[in-house]
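Please have the sequence and the model open side by side while reading this report.

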Amino acid sequence: MTGQDRIEQPRLEKLSRIIGRGINPYPHKFQRTHTSQEASGLFQKLLESDPSATLPGVKLAGRVTAIRFMGKAAFFDIRDGAGKMQVFFRRDSIGEEKYELLHDLDLGDFMGAAGQLFKTRSGETTLEASEFTILAKSLLPLPEKWHGLVDVEKRYRQRYLDLISNQEVKDLFMKRSQIIGAIRSFMNGRGFIEVETPVLQPTFGGALARPFTTHHHALDQKLYLRIALELYLKRLIIGGFDKVYEISRVFRNEGISTRHNPEFTMLESYEAYADYNDVMEMTETLVSSVAREVLGATEVTFGGEVIKLDPPWKRLHLRQSLIEKCGLDFMDYPDADSLRARMQQMGLQVDPLKDRGRLIDELLSTCVEPCLKQPTFLIDYPIEMSPLAKKHRQEQGLVERFEAFICGMEVANSFSELNDPTEQRERFAGQKQSENSRQIMLSKMGNIEPEIEQIDEDFITAMEHGMPPTGGLGIGIDRLIMLLTDRQSIREVILFPQLKTKND
């Protein structure tokens, strides 16, 4: 069906009549004087000093969301970005010709109106229009139930209709903006500077994930959409910035779920001379401060669970948590084969291609994470799971790393960052060998095309010039917003989530 076929004939006829009157239904500009909210607030203050006052010289603009004709009068509701205002038209005031033009307007059209504000008998603030202007003729109607669009697929695919139809959704994304603004304010207040790093990168790194690839024709070079912000931000610490952060999109060519979208927003920060203990304090303070600023409280509800965000958050050792929840100490199983065999004895179905780090991560996801309802730092991870983290200063085989969980969902990840370039090269080499073997095996099984990970030599070179002790942090902004707004799917908090293209 073509776009023209979808357009309702009556709307086309109305458009033709408007043009036939010599009116441009799509003018370049309209000079409004107030938003609906500003006009209403100003009028209310005026009434407090003079109950009989009107507010002349007001020009409002917005989308028509209700039309009621009553003989020689008409009431329209128009909605702008701030709210809604009722507009009253009297045929005697605007003239016969203009009044008849009102009949060629439909729900969904944009209009501007000028006049004075007054209160109706029912107490509703209303603009009595002395003139009006058609600003955009809508050729497609709003959803039949525009005030409550519920088709989930349509809401995500045509988010503009969702925003028109559901004020709650619009409020959610305004709150998202406020949350991100509050995060920026917090980080700036701590002396961090916001920076920007490349989205297109010659090598991919900073996380274990499959990248999106592209080709730069002028350079005749394969490039990758970044999977993390880490390696370039660390270059800036090496270059002499003590505190840096970036809030930006990262891309991972992997599965889609209620907690995963192929592109998502991350905050990553790096602070010289700090370790993961310092970052733990900053994380719990950041989240509770943002909640207090945006929501006015540090208690939130997520999925019926009351979550208390005030510091200090609980701290649990990963190893001890697995012993308590699974009855398994991963230190007793020094390689993947022995750990895999033990997991099979426990009745778990185990991927034969997973290495030791991935197997421990699976145990963590199965046995521990679902139990972490209140904000919790899970600390001290096996070295295989964290090739960019510094070895634990006391525990052999572990690194100084934490992940923060709320309601069973990971929201933050942090390391005492590895800053020994020789050890970093060895870790990268071991990771590359393990990952490449896995990818090649998967490819032979027909599951995936092998993407051979490269060692980022430029990053190693930067480290060889000296990198101070550093505490790093990554926070999944979308998941944090899910928690602060009680949304169970990441698609609810991303304006345009990834969807499979419809062929129609």
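With which side chain does the side chain of glutamate 284 make a polar contact? The partner is the side chain of arginine 315, at 3.5 Å, where a polar contact is a pair of N or O atoms within 3.5 Å, one of which, within protein, must be able to donate a hydrogen and the other to accept it, and where residues adjacent in sequence count only if both atoms are side-chain atoms.

## Basis of the model

This is a predicted model, in which local features need pLDDT of at least 70 and side-chain atom pairs count only at pLDDT 80 or more, while totals for chains, interfaces and linings use all residues. Residues are numbered from 1 along each chain as its sequence is written, and side-chain values use heavy atoms, with hydrogens and water left out.

Glutamate 284 lies in helix H10, helices being DSSP runs of H or I with at least four residues and strands DSSP runs of E with at least two, both numbered from the N terminus. Because its relative accessibility is 6%, glutamate 284 counts as buried; the term buried stands for under 20% relative accessible area, exposed for over 50% and partly exposed for values in between, with a 1.4 Å probe and protein chains only. Not counting residues up to four places away in sequence, glutamate 284 touches Leu309, Pro311, Pro312, Trp313, Arg315 and Phe377, contact meaning heavy atoms within 4.5 Å.

Threonine 285 is also placed in H10, which covers residues 276-295. The side chain of threonine 285 reaches back to the backbone oxygen of glutamate 281, at 2.7 Å. When neighbours within four places in sequence are left aside, threonine 285 is in contact with Phe186, Arg190 and Pro311, and Pro311 is also among the residues touched by glutamate 284.

## Isoleucine 307 in strand S13

Isoleucine 307 belongs to strand S13, which spans residues 305-308, and it counts as buried because its relative accessibility is 0%. Residues up to four places away in sequence aside, isoleucine 307 touches Thr298, Glu299, Val300, Phe302, Lys373, Gln374, Pro375, Ile406 and Cys407. One of these contacts, proline 375, is 68 residues from isoleucine 307 in sequence, yet the two are 7.5 Å apart in space, C-alpha to C-alpha.

In helix H12 (residues 336-345), the residues Ala336, Leu339, Arg340 and Met343 are buried. They lie on the same side of H12 because they cover an arc of only 100° around the axis, the arc being that of the directions from the helix axis to the C-beta atoms. An α-helix has 3.6 residues a turn, so residues three or four places apart point the same way. The face turned away from the buried side of H12 carries the exposed residues Asp337 and Gln345. At the start of H12, a side-chain oxygen of aspartate 335 reaches to within 3.2 Å of the backbone nitrogen of aspartate 337, and after H12 comes glycine 347, with a positive phi near 90°.

The buried residues of H12 pack against helix H13 (356-368). H13 is largely enclosed by the rest of the structure, because 10 of its 13 residues are buried; among them are Arg356, Arg358, Glu362 and Cys367. From its first C-alpha to its last, H13 reaches 17 Å, close to the 18 Å expected at 1.5 Å a residue, the expected span being 1.5 Å times one less than the number of residues.

## Sheets and barrel

Strands S7, S9 and S8 form, in the order S7-S9-S8, an open sheet with antiparallel pairing, two strands being paired if DSSP finds at least two bridges between them. The edge strands are S7 (200-201) and S8 (213-216), each of which pairs on one side only. S7 is joined to S9 by two bridges, and glutamine 201 stands opposite tyrosine 224 in S9. Four bridges join S8 to S9 (residues 221-225), where threonine 213 also stands opposite tyrosine 224 and histidine 216 has glutamine 221 as its bridge partner. In the hairpin of S8 and S9, with four residues between the strands, aspartate 220 takes a positive phi near 50°.

A closed barrel of five strands runs S1-S2-S3-S5-S4, with mixed pairing.
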